[in-house]
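Morning, everyone. Please look at the structure on the screen, and let's talk about charged side chains.

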Amino acid sequence: KVEATNYFGRALAFNPGYAEVFVSWGFMDQCAGNLGQAEARYQHAASLQPAGPAAYFSQAVTLAGQHRRAESMSSFQAAIYMNPQFWQARYLLGMELAGENKLDEAQAQFSVVTRLRPDFDRAHLNYAVALAKSGKLEDAQKEFQTTLKLNSTNSIAQKNLEAVQANIAALKLRGASGK
């Protein structure tokens, strides 16, 4: 986190109007559990892009925090429409969709995030969970394994991987016995 903070500081020293830096810094804060600081950074980014993707993203995060899921998803979608590479918006949209049990749509968002940011373990984890809930066990297994390659101490991924592997083995046994 210190290294990232230094990077963000250098980027802003070079270009103080770079909205994406504030979004990325805010997202790091949000992932660390500091939503208040994250929202402040998102709002600053929005002030730099008042009608752009950062503004819609900031609004979406605020709406999500108010449990106004439908409006939040709409704002995330607007941000993504303006910038299809906006992986943070896709990730948080995926989280909102998963919360609504719209697993296919959530999987689609998480899948794109894992391609845009293959190093983001949380995207792989949530993609794996959505796949597992949809019964796509072998794909889920691969994503849990990728999560653990990126973060070997992720106990949630480890427990879910073990459960998925047990389910795959049970299905193979049932298939082998003809039941």
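**A salt-bridge network**

Start here: Arg69, Glu96 and Glu100 are linked in a network of salt bridges. A salt bridge is a side-chain nitrogen of Lys or Arg within 4 Å of a carboxyl oxygen of Asp or Glu.

Two notes before the details. This is a predicted model, where local features need pLDDT of at least 70, side-chain atom pairs count only at pLDDT 80 or more, and totals for chains, interfaces and linings use all residues. Residues are numbered from 1 along each chain as its sequence is written, and side-chain values use heavy atoms, leaving out hydrogens and water.

Now, which parts does the pair of Arg69 and Glu96 tie together? First, the contact: their side chains form a salt bridge at 3.1 Å, N to O. Arg69 sits in helix 5 (residues 69–82) and Glu96 in helix 6 (residues 87–99), so the pair ties together parts 27 residues apart in sequence. Helices here are DSSP runs of H or I, at least four residues, numbered from the N terminus.

Next, Glu100. Its salt bridge with Arg69 has the closest N and O atoms 3.4 Å apart. Glu100 lies in the loop between helix 6 and helix 7 (103–116), and Arg69 in helix 5, so this pair ties together parts 31 residues apart in sequence.

Buried or exposed? Buried means under 20% relative accessible area, exposed over 50%, partly exposed in between (1.4 Å probe, protein chains only). Glu96 is buried, at 12%. Arg69 is partly exposed, at 28%. Glu100 is partly exposed too, at 39%.

Finally, the whole structure: a search finds 6 salt bridges. Among them is Arg68 with Glu71, at 2.8 Å, N to O.

Methods: Helix = DSSP H or I, 4+ residues; strand = E, 2+ residues; numbered from the N terminus.
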